[in-house]
Amino acid sequence: MPYTSHPDNRIHVLHIVGAMYPGGMENFIMNIYEHIDRNRFCFDFAVHDIKENGYENRIRELGGKVVQLPRMTRHPIRNLRLLTDHIKQEHYDIVIRHTANASVAPQLLVAKRQHVTTVCHSHNETDPKKILHYLSRLLLIPSADVRLACSENAGKWMYGHAKYQVVHNAIDLDRFAYSPEKRRRITEEFHLQGKHVYGHIANFIASKNHTFLLDVFHEITRSDPDAVLICLGTGELRQSIEDQARSTGIADKVFFTGTRHDADAFLSAFELMIFPSLFEGLPLTLIEAQVSGIPVLMSDRITPEVAVTDGLLHPRSLSDPPQAWAEEAIRLREESAKKERVCQRERIRAHGYDLEQLVAWYEEFLTNLVGHTGGATGSGNAVQKS
């Protein structure tokens, strides 16, 4: 075992995240936490928001702690002071900041000043706060001992020309493989017998482009009266999207489920996923959809790195009108209905998206970080870009 100052002889890691409720970034962390050797590693979490149906209870069941900090954008001094106090109290070996922009750099800096190894993990390839991001990047680069990214574009966005390593998101292939039983359960729960099921899984934030999604689905219903749309997720824009569904007369065909912890079951029920994001890092949801074997009509602004199978992802320009998207969506659903759904397991595993492989890598990664730094000071060397 590497050197550690903790009585339990485990490596203690603090993950700093905006909130821990189901979403791509959060699912990535929880997938690792669920499967990592918790006799060797302890994960705690610092969050800004605690929301209903989040992961907090599960984190505590697994032995982790959750501390809530005030938002740094509103109370920066208090945020950094409380974070410093918490790091001192818990004596973390590693602090990992998961983020979409570089404005979180001061949090890594205060962790570094406590002689903790700091890691920044970039989970997106752009962000609306671009000026703040580029200014903050000057501080982020020296504040992060190690730099990770979910994709090449996410790495370039966060670190520019500095070195980083791409770490692919990964999932449990067995859990997300197509299941007729799961499909039957969702069909019965939502009374979908005889319906054509289109789906979307994402929290209601601007980058996910729900307004355009509903415009597309409205056009679908003009040609396909049996179409329904299921939207998983929550967020600040949910009410406005529900209002849009009502105003366009499709509210009876759109199901807003809120936060669900059985996304795998919904993927088995979906016949087509529509994913018109304005920007992404590398969306884990699209990897999960490919494991389940469903076609995806997606924005061409999403990195092509997400394609790890043959024939399932179909990029389309957001400059194309909703009617054109709708026509292709109907065609793809009809073609898919004639085929058997297959998990291209070996192709997905070969691309590095198998959760078992990721967990083994992450255990070695954390162990080496502490081993290289003696459990005390940061190495100051970024991980080589892949």
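Predicted model: local features only at pLDDT ≥ 70, side-chain atom pairs only at ≥ 80, totals over all residues.
## Ground rules

Residues are numbered from 1 along each chain as its sequence is written. Local features need pLDDT of at least 70, side-chain atom pairs count only at pLDDT 80 or more, totals for chains, interfaces and linings use all residues, and side-chain values use heavy atoms, without hydrogens and water.

## Leu272

Leu272 sits in strand β11 (residues 272-275). Strands are DSSP runs of E, at least two residues; helices are runs of H or I, at least four; both are numbered from the N terminus.

Leaving out residues up to four places away in sequence, Leu272 touches residues including Val197, Tyr198, Pro295, Leu297 and Arg333. Contact means heavy atoms within 4.5 Å. Arg333 is 61 residues away along the chain, yet the two C-alpha atoms are separated by 5.7 Å.

## Helix α6

Helix α6 spans residues 152-159. Its buried residues are Ala154, Gly155, Trp157, Met158 and Tyr159. They lie on the same side of α6 because they cover an arc of only 165° around the axis, taken from the directions from the helix axis to the C-beta atoms.

Their cover includes β4 (94-99), β5 (117-122), α5 (130-143) and β6 (146-149). Gly160 follows α6, and its phi is positive, near 60°.

Methods: Buried < 20%, exposed > 50% of the residue type's maximum accessible area, 1.4 Å probe, protein only.
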